[in-house]
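Hi everyone, thanks for coming. Please take a moment with the sequence and the picture, and then we will walk through them together.

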Amino acid sequence: MAYWLFKSEPSAWSWDDQAAKGDIGEEWDGVRNYQARNFMREMAQGDRGFFYHSQKERAIVGIVEVSAEAHPDSTTDDARWECVDIKAVRPFETPVTLDQIKGDGRLDDMVLVKNSRLSVQPVSAQEWRIICDLGNTDPA
């Protein structure tokens with residue numbers, strides 16, 4: 001299993017919006033960055049991801065699961081753009097802020113620390129465990 005991070009502006013699509021979709025999940029559409037798209041092409045059904053609220057909140061607030069592998073993005077006719085579907089697994093007991101992540105030396109090499117603008121990014125297994133621990137959330 002691989003781990004990922006999905007960033008969203010909560011005013012556009014929030015954790016509550018994602019959770020409301022239940023097991024049906026939702027396309028992670030609208031991504032127009034080649035690197036982020038390529039990461040989605042690497043994802044497998046069952047991979048887990050952090051759901052990150054950007055803008056003011058800047059915190060990991062939940063765990064999602066990839067429920068459908070890369071397929072054409074339904075929001076465009078341009079065949080270059082693909083997306084995955086994700087579904088909510090559980091919220092974080094305690095959201096983990098970007099400041100907490102940047103302040104924890106064990107996470108200095110995390111993509112979120114080095115390239116916080118990338119909307120879809122990989123997370124290592126060690127980073128996954130550390131952040132779940134910081135958020136008092138079961139990593140499984």
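Predicted model: local features only at pLDDT ≥ 70, side-chain atom pairs only at ≥ 80, totals over all residues.

Residues are numbered from 1 along each chain as its sequence is written, and side-chain values use heavy atoms, with hydrogens and water left out.

Back to S54, which sits in the loop between β3 and β4. Helices (H or I, at least four residues) and strands (E, at least two) are DSSP runs, numbered from the N terminus. The S54 side chain reaches the backbone nitrogen of E9 at 3.5 Å. Leaving aside neighbours within four places in sequence, S54 is in contact (heavy atoms within 4.5 Å) with K7, S8, E9 and P10.

Now the sheet. Look for an open sheet of 6 strands, in the order β2-β5-β4-β3-β1-β6, with mixed pairing; two strands pair if DSSP finds at least two bridges between them. At the edges stand β2 (26–27) and β6 (120–123), each with a single partner strand, so one side of each has no neighbour in the sheet. Further in, β1 (residues 3–8) and β3 (residues 48–53) pair in the parallel sense over 6 bridges, and L5 stands opposite F50 in β3.

What about the core? A nonpolar core is a set of buried Ala, Val, Leu, Ile, Met, Phe, Trp, Tyr and Cys residues joined through side-chain atoms within 4.5 Å. The largest one has 20 residues, and F6, W28, M40, M43, V84, I86 and V120 have the most contacts inside it. Two or more residues come from each of β1, α2 (34–42), β4 and β5. Apart from this core lies another, of 18 residues, among them Y52, I101, L107 and L112.

Q18 counts as buried, at 1% relative accessibility. A polar atom of the Q18 side chain lies 2.9 Å from the backbone oxygen of I86.

Definitions and conventions: Polar contact = N/O pair within 3.5 Å; in protein donor to acceptor, adjacent residues only side chain to side chain. Buried < 20%, exposed > 50% of the residue type's maximum accessible area, 1.4 Å probe, protein only.
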